[in-house]
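Trainee: Could you take me closely through one part of this model, the helix packing around the contact between the chains? I would like the cut-offs spelled out as you go.

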Amino acid sequence: MSQTNAETTQGIPKEIERFNVTFRIQHVLMFTTFLLLSFTGWGLKYAHEPAGMSSMWIRVWGGAETAGLIHRIAGVTMLLDFIWHVLYLGYLFATKQMTINLKTTVIPLPKDVFDVIKNFMYFFGLSKEKARFGKYSYAQKFDYWAVFWGMFIIGSSGFALAFPILISNIIPQAISGWIWEVLSIMHSDEALLAIVFILFWHFYNEHLKPEVFPMSWIWLNGKISTEQLKHHHPIEYELLFPEEAKKNTKD
Amino acid sequence: MSYKKLLTLVAPLLVLTFFAPGTGSAQESANCLACHTSMKGRLKTAGGTIIELNIDSEKFQASVHGSLSCTDCHMRFTDNPHATPGAAVPAEILATSSKISAKHTIDPVAAAACSKCHKETYEKVLNSIHGKNIAEKHQTDGAFCLDCHGSPHYIVPVKNPDSKMSRKNQIETCGRCHEDKKILEKYNLQENVIPSFIESFHGRKLHLGHTKVPVCTSCHNYHDIKAKDDPSSPVFGNNRIETCGKCHKGANEKFIPAITHRPPGPIPHYTEKGLIVLLLSTFAFIIVHVLLEAFSDIRDSVFRKGRKE
C-alpha cells in the first residue's frame, strides 16, 4: 500500500488546478453580492412578519434607504460579474483554451439523470456503487446552472425593478398592464428559491458533507488533490492520468 | 363669619365675573375647563346624541389649537355655564353648519367654525368627494375634519408621529372607512385598498422606516380628494404620469400601471402559481437528496466501516 503511494507521488502531481484565479475571483464576487442581496432583500420580502423583526433587521443594514442602496449596488455588481463570466468563457473558447469534452463538461447530459437515479438507489441500499463522475458531478452542474437561471429570472427582473423608468421606455404598451406585477413576483419568489437552494444544496455539498467540512478549499486556492480527484471525479482522473488509472485497477 | 354670610358676600361677586369685560381667551377657557377637566363620562342630550364631557386640559393646551378659547369654536355658547346656548353666530358659519348637520349632530356650529380660520381648506373639503357626500347628499359617511384629524381638542401637527394623519398612521385612519365593508358596499368602492398598499413595495418600505415612500395622500391628495374616476383626480388615467413623476422622474404611460390597488390579473396569478410549483418541486428534490445522502453517509461510516468502495 505504501509502495503504491510513493509511486503515485512520483508519477503524477500531488494536486491539480481546478479553477484558475479569474474563476475564483468571479466566485468570490458572486457569493459576497449574493449574501448582501439575500440579507437586504429578505427584510423587504418579509417586511411585515414576524412582527417588528424585519424593521430591526433592516436597521442593522442602515435603514430602509441604505439597505435599498446596498441591494441595488450588489445587484448591479452581481450582474456585471455574470456578464464577465460569460464573456470570459467566450474568450476561453475562442482561444481554444477551453474545449467541450463530454467527460469534463459542465453541460448537463443524459448521464447526469442516470447518475441521480444510481445515487438514489445507493442511498436506499439498492445498489452497491455510487455514481462515478467526470469533472463535474450532477450536484455541481445543478449548482452552476442554478446561477444562470437565477441571473435570467432574478437578475433581469431585479434590473427592471431597480431602473423601472429605463425599462418602461423599451417595453411594449400591451404588456405594461401586467409586467410589473410579474416582475416583482419573479424577483421575490425566485429569490426565495435561490436562498433555500444555496442554504441546502450548496451548503450541504460544499460545506457540511463529512468529507468537505467545514468547507471545500477549492474556492481559495483552486486546487484539488489528486487523491480527492480520484475519489470524487474518477472519470476525469482516468482521463488525465490513464497510465496511473490502469495501474490502480490492476492492483 | 358664618358660612351663609360668606356666601351672601361672595355670590354676587361670582356673578360679576360673568360680565367682566375683556377677560381674555385663556380666562374664558379656564371657566369651561374648571368643570370639564374634572367631569368624567358621557351624557345623552335631549336630542339623543351622546357627548363626551371630559376635556384633558393639558393635552388640549399642547395641541395646535391650545391657545383658542372654547367659545371661538363653540360659538353658540358663552362662558356662562348656566346660560342657554344661543349666542349670535355669524351667518356664514350658520349656513355652513346647516350643510353639515347630518354629520355633526352634537354641535354643527363648532364643526363649521373650522372654516373661520381654515377657509380655503374648508372649501376644498366641501367640494371633495368626501365633503359632497355630507354637504350635498346629507350622509353621515364621508371623511370630514375630525374623522382624519381626530378629536378637535387634541389636534397635533401632521408632522407629529402621533397625528392621525402622520405618514404611518394615515394608512389606518383612511382604512377605518376604506376597509369598512358597509361603506365599501354602500358606495361601491374599490376593495382591498389598504392591504394592497401594505403589501406593495411602497407599503413595505414605509413599514421598514423609509422616509420618502408615498402614503395615501401622496397620490390621492388630501383635502380636495376626488373619486378615482373623476378626470380631475391625480390617479385618473394619465394624470398618474404627473403624480408618479413627483418621485419617479420621467414616469410615462407604460410605467404608471406598476402600482395599483386592483388584484393581480390572470397572467401574474398563473405566473406565481407556476413559480410556486417550480419552487416546491426543487425544494422537495434538494431536501430529499440532501437528507438521503446524509443518512447514507452515516450508514456507511457506522455500519459499513472498513468496507472498500
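**Helix packing at the chain contact**

Mentor: Helices α6(A) and α8(A) pass each other in a left-handed crossing, meaning that the near helix is turned anticlockwise from the far one by less than a right angle, clockwise being right-handed. The model is a predicted one, in which local features need pLDDT of at least 70 and side-chain atom pairs count only at pLDDT 80 or more, while totals for chains, interfaces and linings use all residues. Residues are numbered from 1 along each chain as its sequence is written, and chains are lettered from A and ligands numbered from 1 in the order in which they are written. Helices here are DSSP runs of H or I with at least four residues, strands being runs of E with at least two, and both are numbered from the N terminus.

The axes of α6(A), residues 138-162, and α8(A), residues 179-208, come within 9 Å and cross at roughly 155 degrees; axes are lines fitted to C-alpha atoms, for helices over the stretch in contact, and angles run from 0 to 180 degrees between N-to-C directions. That angle makes α6(A) roughly antiparallel to α8(A), given that angles over 145 degrees count as roughly antiparallel, under 35 as roughly parallel, 65 to 115 as roughly perpendicular and the rest as oblique. Among the residues that meet in this pair are A:Phe142, A:Ile153 and A:Leu161 in α6(A) and A:Met186, A:Phe197 and A:Trp201 in α8(A), where contact requires C-beta atoms, placed from the backbone, within 7 Å. The residues of this contact divide into 13 nonpolar, seven polar and two charged, with Ala, Val, Leu, Ile, Met, Phe, Trp, Tyr, Cys and Pro as nonpolar, Asp, Glu, Lys and Arg as charged, and the others, Gly among them, as polar.

Taken over the chains, the contact takes 37 residues from chain A and 34 from chain B, and α17(B) gives the largest share of the chain B side, 16 residues.

How values were computed
Contact = placed C-beta atoms within 7 Å.
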